[in-house]
Amino acid sequence: MGGLLTRAAQWTNDSSGCCKLEATQLNEFLLKEVLHFTEQLMVQHPEEATHVFEEPLVWSTTLEASDFKAGYDVSDLLVESHDKDSEGRPLLRLKPPTISVRSFSQLSKLLHLAENNTLAEVRECLQGNKDLVAIIFGRSFVSFMEKEDVNQDVQSLMVKIKEREPSEDVEAKIKVFLLLQKKDKEILNKLLQHVTEQSERVWIVFSDYEFSNGCNAPLWRQLLGEICYVVLTPCDTDTLYITCSNDGVFLNKGIKQDGQESGYERISEVYRDLVTLLKHRSPYFAANIKTQVQKSLCCKTPVTFVTFSNLINLNVKQQENKEEEKTVHHHVRNKACGTTKYEPCPRWRKLGLSSTRGYVIILLPHKSSVGAMPSELFSESSSESEEEEQPERRQENNTDLPSEYWQIQKLVIYLKGGNQTATVLTLCAMMDFNLMQETCQLAIRDAGGLEVLINLLDTDEVKCKIGSLKILRKICNNMQIRRIIVDMGGLQSVVKILDSPVKDLKALAAETIANVAKFRRARRTVRQHGGIKKLVKLLACVPNLATLSVNQEQDVEVARCGALALWSCSNSTKNKEAIRRAGGIPLLGRLLKSPHENMLIPVVGTLQECASEESYRIAIQTEGMIKDLVINLSSDNDELQMHCASAIFKCAEDKQTRDLVRKYKGLQPLVTLLGKANNKELLAAATGAIWKCSISKENVAKFQEFKALEIIVGLLTDQPEEVLVNVVGALGEFAQISANKAIIRKCGGIRPLVGLLTGTNQALLVNVTKAVGACATDKDNMAIIDQLDGVRLVWSLLKNSSADVQSSAAWALCPCIKNAKDAGEMVRSLVGGLELIVNLLKSTNIEVQASICAVVATIAKDKENLAVLTDHGVIPLLAKLTNTSDNRLRRYLADAIGHCCMWGTNRSSFGDATAVAPLVRYLKAKDSWVNQSTAMALYQLSKDPYNCITMYEKGAVKPLIQLMGSDDETLQEAAAGCVRNIRLLAQANRQARLFN
Amino acid sequence: MSAMNRKVIQTLAENISKQVEHFSKTETERLIREFHVLLKEPMSNHPGKEAPGVDRGKFRNILHEDFGMTDRMIMDQVFRTFDKDNDGFLSVKEWIKGLSVFLRGTLDERIKYCFGVYDLNGDGYISREEMFHMLKSSLIRQPTEEDPDEGIKDLVEIALKKMDHDHDGRLSFQDFEKAVKEENLLLEAFGTCLPDSIVNTL
């Protein structure tokens, strides 16, 4: 027991490998306690304190001979105490720097002498004598005592010991030993407390009694499979009351010591283990554990870490380090196996907790330990939602299990001990069970069948491999099984089989990969073992022959399975790239001509998944796949139609693709798909395709032949957001044609559209504002929008956190203000609206800046509002933006400056803010829009003579004269007016000089 | 080999290859030559005597060395299915016809062949006892078990459950055929008696 002290001290420096005690708070605390103990011993048990150690404690001290006075023989360098043991050896002996001490009394005196350095001495002493207890009491004594029951009285212990080693001071020895042990416990308890107070993120305890089976839960709860309870206080959430049960870990209502029945009630879902639960409950923990997983599990930071990494072991290394499993989990496992001994893992033992059964401590990591995430592990993006870790379902009591469970377990035994014939026979028998059922899957897992099945994959026995894959491909529809297969390296073996000359095997292997590669790690494994290349190879076959030989038919089946596997794998960006590099795109294009739905679905599925990448979109267009996609839009399989529409949705960003869809008559089938309004996935894909296709005006005209707009307006209500985003996006495009604006109004589309302005989905808001803006260009529409208070709603979206929404809203405001009746009054009525606009000029997003400039230009047409804008400091903010090189921003900025000149001293204010010189540079931009608005702005600015001087100096006249030759009349006029003002000033100047 | 001999072999090959569908004439010719080479080797039990055909021992050697078979009983059964006239020797015709199914047989042919191999007493049924006999050494025996044969018996029951469609406690040819057509892996349910399927598909 006394060894705990050393152990407690050890683990702090364990990782560094040397025997130093680091200067951590915890060690400091520990040293103080040891010091305190020696001092107390001297005072409270003077007799025991004189007990002579078996061996001397030896360490190098900082004390010198001169420090020792009364009670010592001091000669030159050597110091010996007057107190001697029975054989006349001094109890303390110093030969600098080495000191040896043989009793607690001497130790205490020495520490007294050390005065300021006491802690350092204790530290040196502990470092020098790691086996402290054995040195003090002798090894045999310690091992004897550890075997004995500490609770028996001293006398009976003495009798026993005397039998072994007759010596006079056994009694003192035992007493000291027991004292030490007691102290040890105290220190540990204090340590716990200390740590708790210190970090606040500790959770501890619960359970005062442990049953012989190792459970701490009351008996009537054990009947329900509960094992123990933990209370935990993470740093970022409320205290968590947790139940650990056979089924997993979950939150309870808060079990207090009084054991109210209601407290045991489950209030959360069941998690697989503590880590998973914590991940879900404490974002801070989740963030940290993610980083931790990737770090090596040894950590230099003290205490907190060792335990923490230990916790993770459960989760990550379950397979490799069975013995390292964390306590709670371990406990559960053991129970399942029928043994009930509760054994903390080695790391916990290091913490010195082996004897404080029933306590569970887990410390959450310090903030400082959070490192950057290594990139490779998390570099894969995925468009689809990843599978989440789900709570592991544990089989409860053996008696509840259905008979299939036991039958399968028996089969696994035959698998393990059978030759090829028995194995094949057993595999066939196993296939007769419903392998999609969880009981059967878990039965295989629990009996260790997965190992056998995976091992079979590496044999030369074709039949065994086929049988094994036929089972694996089914049971891996279970998420846990998938993960275990990957953990065991099974996926590598499956990938290897793709090279087999046996077609059945290839097809089965590909199908298995398709089912396993549903999570990121699996997909990465496939890629890293060259699986993508092999899968792409499988695609090579002739899919569309009228009659196929048996051999060719097999090839087609292999290709189909290959496509299924690629579909699963294509969820990761890197895999998409790998498929492309392996030459998969033309092969997929060839399979796209297949007449079979079961082939087309995985092929189009893969294509649409990959179409998120530009390279694929180009290839889909150039390889002529659009035609086939369009053809299959008219298939009678919803899923196939959905994937085709989705592929078109992603590809139709490109103008040529849009034209091709029209050319192959794909627009009508798309509109037809809108009729399947009950299949929301299909509807989302179809509306998405319509949206993107309608970016081309020709397509909109074509769509109108099929009355698409009327149907689309009808989809504005009662649809999920994924559909609404696309519907509204399409509306925005349709409304670019003025005839359509009226149709939208007549179909009653304005009201639901304005209603959507109150939503929160940012992608939707971007589209809604755009559509509202497009509609607002029609006066009649605008009247309705105004009436519905739409302008205020759009305006308030300027406060949205997304820059996209901000700019989109700002663009929408321009036509709203332009077309509203009494626009000036309306703008003024929006309290704080103008200030909001001016402040947005401080945005760092160029699109926001440009859109706000456009709004400013529109608002400034009203003199009164311009005055307010000026008061809010719009002039310096605009001037500040003039140094931009972005032509889009330049255009609207110049426009805003031109319009803002119309008030008070704004013209000279722009001059003072040095906005004129940069504007002159805009004249050289190769963008006629920029030239035009700049010329207008300069014309306005040139009404201030000082600005004219700047323009003249910056060489504005020459480009202005060139612009005067432009075809655009307004531009001509503005340029000429500006030049005129400059000339007038020059003339006035000359005249002034002449006459003065 | 003399010119005359070659001539004889060629005509023979032409003859036989017409009756056997899976081998071409050249292949047949090669197999005939192989047959004669085998004949030249001294007989295992009657050294020195010219044999009327390939005997059991020589045939077993081939099955073992070229096709990796190990089960003596199954190998003897394979010989019996080859040896149609039951004279203890394989004639040239028996040799080539047998190999034709053995190496290139269609699924139907192979089902018939395998059933013949497994029907140890040739009564047209694979009985429980026959299955037990063939599966006897297919499991590692656990010496601790009360009944060391329990596992084997269990396997027999598994096989019956899976294949005995008419529930008469034995496998008729129809039972066997139906089961194999449903699940090809069951073709060699009671022991390896065909070349590895890699060879098969090549």
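In chain B of this predicted model, the end C-alpha atoms of residues 151-186 are 19 Å apart, and this span is 64% helix and 8% strand. An unreviewed UniProt entry lists residues 70-105, 106-141 and 151-186 of chain B under "domain: EF-hand". For residues 70-105 of chain B, the separation of the end C-alpha atoms is 22 Å, with 67% helix and 6% strand.

Chain B touches chain A: 24 residues of chain A are in contact with 23 residues of chain B. The size of an interface is often given as the accessible area lost when the parts come together. Here the two chains, A and B, bury about 2,000 Å² between them, and 63% of that lies on carbon and sulfur atoms. Of the area that chain A buries against chain B, 31% comes from A:Tyr414, A:Leu425 and A:Lys463, more than from any other three residues.

Polar groups also meet across this interface. Nine residue pairs are in polar contact between chain A and chain B, counting pairs with both residues at pLDDT 80 or more. Four salt bridges are found across the interface. One of the salt bridges joins the side chains of A:Lys470 and B:Glu183, at 2.9 Å from N to O. On chain A, helices H17 (403-417), H18 (420-431) and H21 (462-475) each supply at least two residues of the side that touches chain B. H18(A) gives the largest share of that side, nine residues.

Elsewhere in chain A, strand S8 (residues 240-245) has five of its six residues buried, so the strand is largely enclosed by the rest of the structure. S8(A) pairs with strand S9 (residues 248-251) of chain A in the antiparallel sense, over four bridges. The two strands, S8(A) and S9(A), form a hairpin with two residues between them. Within this pairing, A:Ile242 has A:Leu251 of S9(A) as its bridge partner.

Key
Residues are numbered from 1 along each chain as its sequence is written. Chains are lettered from A and ligands numbered from 1 in the order in which they are written. This is a predicted model: local features need pLDDT of at least 70, side-chain atom pairs count only at pLDDT 80 or more; totals for chains, interfaces and linings use all residues. Side-chain values use heavy atoms; hydrogens and water are left out. UniProt positions are given in the numbering used here, feature names are shortened, and annotations may be inferred rather than shown by experiment. Buried means under 20% relative accessible area, exposed over 50%, partly exposed in between (1.4 Å probe, protein chains only). Two strands pair if DSSP finds at least two bridges between them. Contact means heavy atoms within 4.5 Å. Buried area is the accessible area (1.4 Å probe) that two parts lose on being put together, summed over both. A polar contact is a pair of N or O atoms within 3.5 Å; within protein, one must be able to donate a hydrogen and the other to accept it, and residues adjacent in sequence count only if both atoms are side-chain atoms.
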